[in-house]
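Work through the exercises below with the model open. Try each task before reading its solution.

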Amino acid sequence: MKKARWLWTILWAGLLLALAACGGGSEEEEALPIAAETAAPAGGGLGTPAPKVPTGSTVGYGMCVDWGSYVERALALTKDANFNWVKYQVRWADQEPQQGNVYLDKLDSAISQANSYGFHVLLSVVTAPDWSRAADTDLSVPGPPEDPADYANFVGLLAERYKGYVDAYEVWNEQNLWYEWGGQGRLNAGDYVELLKAAYTAIKAADPAALVISGGLTPTGVDDGVVAVDDVRYLQQMYDAGLMNYCDGVGAHPGGYNNPPDDDPEHNTTSTTTFKGHPSFYYKRFEQYHEVMANNGDDGKQLWFSEFGWASSDNPPAGYEFALDNTEEMQAQYLVRAFELAKEAGYVGPMFLWDLNFGPAAEPGDSKAKKPFSLLRDDWSPRPAFDAVAEMPKDP
């Protein structure tokens, strides 16, 4: 039974924060390919970027936005909430399905619209196309390329094209989880840092002002090295492999499951029994990340919450039953308190809520629980969480 419980924990924790469909959508016409060697110069013909809204002294306020689903409407709501960052996830496999043929017209449009509102933009670049994967890799799950140079070529192209329009790049997503890193038994922080190193070098060569953020690690409560590596231990392994030299900020995905943001393993204020005990099940896990950064002489950098949130639902999909423990009012309260705690910490940078508009466009069955985490209902009306974060005080 204990083994079965941990296997469910792996599934729940990974699915909780996975962004596998972040760049999806089909409301626009299919774009024409752009040969990589003849790609447009900086800006990609997007026009002059609008002045950016202030970032504040520490914390930034961001939304994870589905840029393929009514992006203009989503950006308008983000503006209404007085947020200043948006995160788009870019699936490399979709943008360069054949080597050298890069499809960027839809992304051009989404970035242009974000800039028209004055938002800062984070691109999270994930999922290698099949042509770049190792012959023995598990193609049923996303994974990295066999040669980091292929990924570096792609992100370097983005950095050249969007210089002045994109402020930061997140290199990969949840690389300490098996189905984000090419299959079971392949998890390796050293391999990830090699990918990060190649990407960092390419991005900085194309746009020295762009920030490079390490991929947000996922909390799992599991550390078997096959399906997951504990997020804090993996972070130390990244430092052992040279992380400090190849990022401007450290990505994290702190999650609270059914625990309030002030709780920790020794201080549980709810009567629920699931997702208790292990520190990765609590939002304040980010404090341990900062301890690792400090122990490695890297606490001068910010910790970026490239994805975080709480789920609330009366009918969650299988694996997300913890959402039953959170009312919509609790979800709203937890999110506001999470921002307060991050500001009090003093070392947290931009924070991106998962999610804004993925719920209304979720696939039938919503297997990834986009609706329980969404700030919007299916008809795009705000849930209490949207109103709460819109109304909370923001740093100037």
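This is a predicted model: local features need pLDDT of at least 70, side-chain atom pairs count only at pLDDT 80 or more; totals for chains, interfaces and linings use all residues.

Residues are numbered from 1 along each chain as its sequence is written, and side-chain values use heavy atoms, with hydrogens and water left out.

**Exercise 1.** Locate Ser 312 and list the polar atoms that its side chain meets.

Solution. Step one: Ser 312 sits in the loop between β9 (302-308) and α9 (328-345); helices (H or I, at least four residues) and strands (E, at least two) are DSSP runs, numbered from the N terminus.
Step two: with a relative accessible area of 4%, Ser 312 is buried (buried means under 20%, exposed over 50%, partly exposed in between; 1.4 Å probe, protein chains only).
Step three: a polar atom of the Ser 312 side chain lies 2.6 Å from the backbone oxygen of Asn 326, and one lies 3.1 Å from the backbone nitrogen of Glu 328.
Step four: leaving out residues up to four places away in sequence, Ser 312 also touches others, including Pro 372 and Arg 383 (contact means heavy atoms within 4.5 Å).

**Exercise 2.** Determine how the buried residues of α8 are arranged around its axis.

Solution. Step one: in α8 (residues 286-295) the buried residues are Phe 286, Tyr 289, His 290, Val 292 and Met 293.
Step two: viewed down the axis they fall within an arc of 155°, so they line one face of the helix; the arc is that of the directions from the helix axis to the C-beta atoms.
Step three: an α-helix has 3.6 residues a turn, so residues three or four places apart point the same way.
Step four: the cover over these residues includes α7 (231-240), β8 (249-252), β9, α9 and β10 (348-353).

**Exercise 3.** Which parts does the salt bridge between Glu 328 and Arg 383 tie together?

Solution. Step one: the closest N and O atoms of Glu 328 and Arg 383 are 3.0 Å apart (a salt bridge is a side-chain nitrogen of Lys or Arg within 4 Å of a carboxyl oxygen of Asp or Glu).
Step two: Glu 328 lies in helix α9 and Arg 383 in the loop between α10 (370-373) and α11 (384-391), so the pair ties together parts 55 residues apart in sequence.
Step three: Arg 383 is buried, at 5% relative accessibility.

Note on methods:
A polar contact is a pair of N or O atoms within 3.5 Å; within protein, one must be able to donate a hydrogen and the other to accept it, and residues adjacent in sequence count only if both atoms are side-chain atoms.
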